[in-house]
Amino acid sequence: MQTRQLGKSGLVVSAEGLGCMGMSEFYGATDDAQSTETLRRALDLGVTFFDTADMYGVGRNETLVGNALRAKRDQVVIATKFGNKRAPDGSRLGIDGSPQYVREACDASLKRLGVDTIDLYYQHRVDPKTPIEDTVGAMAELVTAGKVRYLGLSEASAATIRRAHAVHPIAALQTEYSLWTRDVEADILPTVRELGIGFVPYSPLGRGFLTGTIKDTSSFGADDFRATRSPRFQGENFDRNLGIVEQIEALAKEKGVTSGQIALAWVLAQGSDIVPIPGTRRIPYLEENLKALEVTLTPDDLARIDKIAPLGVAAGTRYEESGMTAVNI
């Protein structure tokens, strides 16, 4: 397995991580036994970087990840997130970055994960009601206490990243990035690179769309996030975006790989400081995703992809309106 360092933090992880969110919620029915097998197969294949959050499955995802990986704790880097508060019934309670909540959330995550220390602790969404200096100050106290090793942010603006990094070094920024979500190239990527912060793209496969396996939305259940809360999967937006995928599929066919592997190889080619975390709960897809590390894109390939999927190419926003108000703060 290839490895990469997250910025200048000193934190070294597998060149591809595994996003665990869908194992517990958002993409239809879940199966803990199947997901546990996938997590352990990822370990066997050399994956060391696993991403969860306290809000995924209202804590169930952290428990799942902790149970699956605990026996190999010294071999893995576990990242989790706080800030998106949910009630036990799953209802959303808003974003909380208050120092008191930072401490409470960390202790709860440690208990669910069954570990003494969280390797990488992200603020999941920036709380506009709490100065970022206060939130990161409380997170820094967790590092001093030995409960957390490294700090991260998710979906923060360039200005917020700078303010946070001035309080305590930020090891990684996690934000959506893929062939149909390239907004970060304008100011986020230049900022994190200037500051020596690693970049962790989530949804590098466009929530499965860039794999070419989704030709319509008929298979989505009512509890699938994409069916109800992602405009890119709705109506005319879906049809327009399908045209992007068809062009990627054509290139993939020429190279003898899958369109998903092209999409991941493109993200990986954007810099050695980038570590994507494609999510899956199935072993065949896990193995397919990891083979993207073997795909070489030539300068001509990259130029062709840029023409297929330039900045702003996707039709529709990545979240519904309420979700978009919580990003890039």
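Visitor: How many bridges join S5 to strand S8, and in which direction do the two strands run, parallel or antiparallel?

Guide: Happy to show you around! First, a word on what you are looking at. This is a predicted model, in which local features need pLDDT of at least 70 and side-chain atom pairs count only at pLDDT 80 or more, while totals for chains, interfaces and linings use all residues. Residues are numbered from 1 along each chain as its sequence is written, and side-chain values use heavy atoms, leaving out hydrogens and water.

Now to your question. S5 and strand S8 (residues 118-123) run parallel, and four bridges hold them side by side. Two places are handy for finding this pairing on the screen: lysine 81 lies opposite tyrosine 122 of S8, and phenylalanine 82 faces glutamine 123 of S8. Strands here are DSSP runs of E with at least two residues, helices are runs of H or I with at least four, and both are numbered from the N terminus.

Look for tyrosine 121, which sits opposite leucine 151 in S9. Six of the six residues of S8 are buried, so this strand is largely enclosed by the rest of the structure. Buried stands for a relative accessible area under 20%, computed with a 1.4 Å probe on protein chains only.

Two strands count as paired if DSSP finds at least two bridges between them. In general, the strands of a sheet pair through backbone hydrogen bonds.

The buried residues are Asn61, Glu62, Leu64, Val65, Gly66, Ala68 and Leu69. Their cover includes strand S5 (77-82) and strand S4 (49-51), along with helix H1 (32-44) and helix H3 (99-113).

Serine 24 lies in the loop between S3 and H1, and is buried, with a relative accessible area of 7%. Leaving aside residues up to four places away in sequence, serine 24 touches Thr30, Tyr56, Gly57, Arg60, Asn61 and Leu64. Touching, or contact, means heavy atoms within 4.5 Å.

S11 is one of the elements packed against the buried residues of H9, and the others are strand S1 (3-5), helix H8 (235-255), helix H10 (283-290) and helix H11 (299-308). Helix H9 (residues 259-268) is mostly covered, with ten of its ten residues buried. Among them are Gln261, Ile262, Trp266 and Leu268.

Note on methods
Buried < 20%, exposed > 50% of the residue type's maximum accessible area, 1.4 Å probe, protein only.
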